Structure formats: structure tokens, C-alpha cells
Amino acid sequence: MIVPFSDLRPSHDQIRPEIDEAIRSVIDHSHFILGDQVTAFEQAYAAFSGTRFAIGVGNGLDALILILKALNIGPGDEVIVPSNTYIATWIAVTAVGADIVPVEPDIYSYNIDPSGIEQAISSKTKAIIPVHLYGRLADMPTIMDIALKHNIYVVEDNAQAQGAVLNGKRSGSFGIANATSFYPSKNLGCLGDGGAVTTNDEEIYHKICALRNYGSQKKYYNDVLGFNSRLDEMQASILNVKLSKLTVWNENRKSIAEKYQYSLSEIKQIVLPVEVDSPAMVNHIYQIRIPDRDKLQAFLRNESVQTMIHYPVPPHAQNAYKYLGFKPGSFPVAEEIAATCLSLPLYPLMDEEKINYVCGRIKSFFYSFPK
Ligand SMILES: *Cc1c(COP(=O)(O)O)cnc(C)c1O
């Protein structure tokens, strides 16, 4: 048996006629940039997210950058980010010339620890970017309270948690404006690059609509210096089909995560995710932690089980951020997670046989090499 980390083909096979038809229709209409498909998707995604507006953009990183630009965040400003996120969250802050202020995550939820946020706030702090890592909503009620008290913007990085809900509110509806990514492997992924901003703020909505399109609201009239970062019609037409499947596929992810959780709970050396069946968790990634991570990963590779590490090197330890002067030990929680985490195969239509095989191989690792 071979178990890939992810396989999107079974999902796309389920909706293949609709996807083919969507693509055909875009080609027939021959309108490829900012047409009816993007508008339809923006309305549908805003409705799904419970926000007034959604704006389709080129990718998740651009969504973050456009939001920071629209909020006039730039040189001299500080932005609080988690120390253990995917590097895009940091790069967005760097891209607008603001300073990164990393805050450590909670070792169980893997999300930014609100108790560290307040200490990190200075007179220069303009925004906090919580990331809903692995599909789990960050502690938004506490983060929103802190932000309100200090008059700071909250911008969610919602690339990994499309569909998560807390107290009736969807991910991407808490912050002033929020970014998501439709990179193919995300819970809602397109067949290429794509992203969106969700917001209730009409002024930010208009600003970002202009910023994504050269700073222009009227063709060939440019009010501000903008970017070219537009979700294209082809991807929007595919997202219009795939959005209707998101809730079911999130349920599939949950039941796979529950099976892992149940089967692996007998191995006491493994730190399991805190909980996988809450509506605030959409199981983008099923991540465990073990001291002997590299050995287990190599063992599983030998048994044809493909795993991944999210992420092997925290942003502060990347060569690209050497100039910030952080040292090993600067962010021990992020470093501990990077050293011990392992993501197991999980994709919406993964069959039970494969889940059982993965669990069986993991158990044989621990039972044949007792620790
Ligand atoms: C995927 C991802 C992004 C960036 O999305 P792209 O569309 O690849 O630019 C940003 N933040 C997080 C947490 C992500 O997982």
C-alpha cells in the first residue's frame, strides 16, 4: 500500500463534469479578467464567510499585503505575528516595510498565545495577524478584546481554516479585513493560485478593489499606486463549483482526524492535537508531535507512507530573516514545534484502509522500538 500525503484527484473526480463545464463556459464567454465569475464567487464567498464583502485576489500572500496597504501600515509601524507560522505571514509585513514582532504560540493549540500579545504591544503596534494554524481558529474573543483595548487592527490569516466557526462566527469575519488563500491544497483550493480578502468595511473594500487592479477604479484612471493581483475568471469559475463542496469535505476531514485520534491515543509518546471535532477546527492538517520525529518519518517513508513537516524551520531561523538578528533559542516554543511535529496524510476522500494502514505502521514503529 502507498499512502500519499495528499491526493486531490478523488475530490476533483467527484465534480469533474461541473469543473469541465465551468472552464468551457469561461472560454466560450472569452472574458478572462474581472468578469461575472469573479463577481459571483466574491458574493458567494462573502455570504459563506458572513461578511459584507469578499475581494478575489492573486494569492494569499497578496491578500495580506493588500490589507496592510489599505490600512496604511508601513515603515515605522509594528505588526504582531505568530513565531510559528508559514513564512507568508511574515513576508507580508516585511513587504509593506513594517517591523515584525513575533509572539510565541501556545504549545497545545499551536496558535498565537494571547498572554504574549499584550507584552508585545508598543506605541508603534498597528496590527495583530493571528493565524488559524492547521485549521484551528485562534483564540479570537481574547485577541479581539486585547485589540479593542489598545486600539489595534486585527487581520486574520485565514489561509488554513476556511469554514471554521466560533460562537456562530466564521473564520475570516472577526478582523477588520482578513486574508485567505486558494492554493490547491487548502481546504478550499483552486487549480492554480488564488486568494481573497473578506471584510465588512466598505472603505477598505473599495480601497482593495482598486489596489488589486493598478490602483484604478475607472479603467485607465489611477488614483493610487496599486498592484496587479486579481483572481482570474477561470479560477473563480472552479471555486464557484468547489465552494459548494467545502462543508462536506471539511466533514470528511474531521472524520479522518477522529479516526487518527481514536487509533493513536493508545501510544503515550505521541502528543495528539487537542481536539479535532470542534466546529472551530477544520482539520487542514493532522499534526502529531513526538521526540523521535525524524526516525518515525524515515520509518514511515520506508513503509510507503508520505508525511510532511509544517514547518521544519520557523521564520526567524530562515536565512531570509537572518538580518533581524534572532538566534537559536529566541523562540523556544516555535523551535520545539518545528523539531517534533509530523503531519500525517489527510485529504477529504482518503479511504479508511489507508488511515488504518498509517495507524498500523505507526504502532508497529512504537511497539518494535519501545522507548
Ligand atoms: C498558504 C498560506 C499562505 C499564503 O497563501 P498563498 O496563496 O500561497 O500565497 C499564507 N499564510 C498561511 C498560514 C498559509 O498556510
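This is a predicted model: local features need pLDDT of at least 70, side-chain atom pairs count only at pLDDT 80 or more; totals for chains, interfaces and linings use all residues.
User: Let's start with strands. How do the side chains of a strand get arranged?

Analyst: In a regular strand, side chains alternate between the two faces of the sheet. Take strand E9, residues 195-199. Gly 195, Val 197 and Thr 199 point one way, while Ala 196 and Thr 198 point the other.

User: Why is E9 said to be largely enclosed by the rest of the structure?

Analyst: Buried means under 20% relative accessible area. In E9, 5 of the 5 residues are buried, so the strand is largely enclosed by the rest of the structure.

User: Which strands pair with E9, and in what sense?

Analyst: Strand E1 (residues 53-57) pairs with E9 in the antiparallel sense, over 5 bridges. Strand E8 (residues 177-181) also runs antiparallel to E9, again with 5 bridges. To find these pairings on screen, look for Val 57 opposite Gly 195, and for Asn 178 with its bridge partner Thr 198.

User: Is E1 buried or exposed?

Analyst: Buried: that goes for 5 of the 5 residues of E1, so E1 is largely enclosed by the rest of the structure. Phe 53, Ile 55 and Val 57 point one way from E1, with Ala 54 and Gly 56 pointing the other way.

User: On to helices. What does helix H10 pack against?

Analyst: First, its span: H10 covers residues 246-264 and reaches 27 Å from first C-alpha to last, close to the 27 Å expected. Its buried residues include Trp 249, Arg 253 and Tyr 260. The buried residues of H10 pack against several elements, among them helix H1, helix H13 and strand E12.

User: And how do I read a pair of aromatic rings?

Analyst: You describe a pair by the distance of the centres and the angle of the planes. The count here is 14 aromatic pairs. In one of them, Trp 90 and Phe 326 have ring centres 6.4 Å apart and planes at 70°, so the pair is edge-to-face. Trp 90 lies in helix H5 and Phe 326 in the loop between helix H11 and helix H12, so the pair ties together parts 236 residues apart in sequence. Trp 90 is buried, at 0% relative accessibility, whereas Phe 326 is partly exposed at 28%.

User: Which pair is stacked?

Analyst: Tyr 260 and Tyr 286 form a stacked pair, 4.9 Å centre to centre with 25° between the planes. Tyr 260 sits in H10 and Tyr 286 in E12, so this pair ties together parts 26 residues apart in sequence. Both tyrosines, Tyr 260 and Tyr 286, are buried.

Notes. Residues are numbered from 1 along each chain as its sequence is written. Side-chain values use heavy atoms; hydrogens and water are left out. Buried means under 20% relative accessible area, exposed over 50%, partly exposed in between (1.4 Å probe, protein chains only). Helices (H or I, at least four residues) and strands (E, at least two) are DSSP runs, numbered from the N terminus. Two strands pair if DSSP finds at least two bridges between them. The expected span of a helix is 1.5 Å times one less than its number of residues. Contact means heavy atoms within 4.5 Å. Rings of Phe, Tyr and Trp (its six-membered ring) pair if their centres lie within 6.5 Å; planes under 30 degrees apart count as stacked, over 60 as edge-to-face and the rest as tilted.
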